[in-house]
Amino acid sequence: MTSKSLVSISDIDKEEMLHLLELSRYFEENPNSKILDGRVVATLFFEPSTRTRLSFETAVNRLGGRVIGFSDANSTSTSKGETLKDTIKMVSNYVDLIVMRHHLEGAARYATEVTSKPIINAGDGANQHPSQTMLDLYSIYKTQGTLENLTITMVGDLKYGRTVHSLLMAMRYFNPTFNFIACDELQMPAEYKKFCIDNGIRFNESTDFSADVINSSDIIYMTRVQRERFTDIMEYERVKDLYRLHNSMLDNSKPTLKILHPLPRVNEIDQDVDDNPKAYYFQQAGNGLFARQAIITRALGIDPLAK
Ligand code: CP
């Protein structure tokens with residue numbers, strides 16, 4: 001393996017995606033090793049995070065590497081006016097790999113242009129979240145036994161939710177049918193619907209989170225309304241609680257249905273769903289450790305499965 005950045009899910013083809021899923025399974029069976037001995041990874045989080053940062057850092061620690069970084073840009077020289085370019089160039093002097101989250105769409109791609117060190121995009125604005133997509137794919141594969149021919153219902157903030165954008169693009173290899181359930185203000189953006197049309201992906205759009213939709217789904221992917229992306233807080237207040245999943249809504253759903261959510265959740269999944277065996281969002285977050293171990297080793301050109 002040569003070292004490689006992961007900025008968009010479209011950076012990897014089907015073969016590489018399936019190999020990353022194999023690697024994720026390998027790391028689930030072998031989470032602790034020393035294969036990153038001597039390597040240093042930076043986690044630069046210009047936006048808040050719990051799961052993504054902590055699972056990336058755990059992934060490095062469990063593989064014997066070391067981590068530097070920050071979780072609050074206000075504690076860095078960014079607050080004195082240092083540019084993203086200068087920050088990336090400086091940190092590149094210290095580490096072998098940079099994992100970064102930034103509020104600006106395209107920030108991770110820009111970072112690849114100012115450093116030769118690999119960059120992993122841990123979320124750039126409303127654009128992409130490719131490591132989340134790899135853990136979502138791994139979760140879908142583990143629970144359904146396949147990625148092929150599934151009906152996936154995406155609910156909530158499909159406009160600003162970067163995880164649904166990345167997942168939609170990744171599924172192009174696996175003949176999915178999508179249901180997009182959102183209010184008029186938070187519909188799936190036109191560019192992603194065009195992507196579906198261009199790639200022969202079936203999709204239905206509705207504002208109604210109906211029993212028919214729930215009962216025909218293999219995966220329901222709930223999302224949080226992304227308050228931080230709204231310029232008008234009154235609009236956020238109007239739409240934030242329009243879609244809420246309750247346990248009773250799952251009574252006639254498929255026995256194999258799984259509920260996913262990238263988390264954090266606010267009100268969109270009632271806590272009465274948590275004990276339903278169809279709820280998988282906490283295990284999904286757990287799978288993030290193994291998927292990110294796979295992504296980190298790919299980025300550094302290390303392949304424990306290589307013959
Ligand atoms: N899913 C996700 O990106 O969670 P965090 O914002 O906590 O990293």
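Around the ligand sit S49, T50, R51, T52, R101, H129, Q132, P262 and L263, where "around" means having a heavy atom within 4 Å of the ligand. The model is a predicted one, with local features needing pLDDT of at least 70 and side-chain atom pairs pLDDT 80 or more, while totals for chains, interfaces and linings use all residues. Numbering runs from 1 along each chain as its sequence is written, and side-chain values use heavy atoms, with hydrogens and water left out.

By class, this shell splits into two nonpolar, five polar and two charged residues; Ala, Val, Leu, Ile, Met, Phe, Trp, Tyr, Cys and Pro count as nonpolar, Asp, Glu, Lys and Arg as charged, and the others, Gly among them, as polar.

As for polar contacts (pairs of N or O atoms within 3.5 Å), R51 brings a polar side-chain atom to 2.9 Å from a ligand oxygen. P262 and L263 use their backbones instead: a backbone N or O atom of P262 is 2.8 Å from a ligand nitrogen, and a polar backbone atom of L263 is 3.0 Å from a ligand nitrogen. The protein buries 90% of the 260 Å² that the ligand exposes when taken alone (Shrake-Rupley method, 1.4 Å probe).

Where does the ligand lie relative to the domains? It lies between domain 1 (9-128 + 288-299) and domain 2 (130-285), because both give residues to the shell; the bounds come from an automatic or database domain assignment. The domain centres, taken over C-alpha atoms, are 25 Å apart. Across the two, 31 residues of domain 1 are in contact with 27 of domain 2, contact meaning heavy atoms within 4.5 Å.

Definitions and conventions
A polar contact is a pair of N or O atoms within 3.5 Å; within protein, one must be able to donate a hydrogen and the other to accept it, and residues adjacent in sequence count only if both atoms are side-chain atoms.
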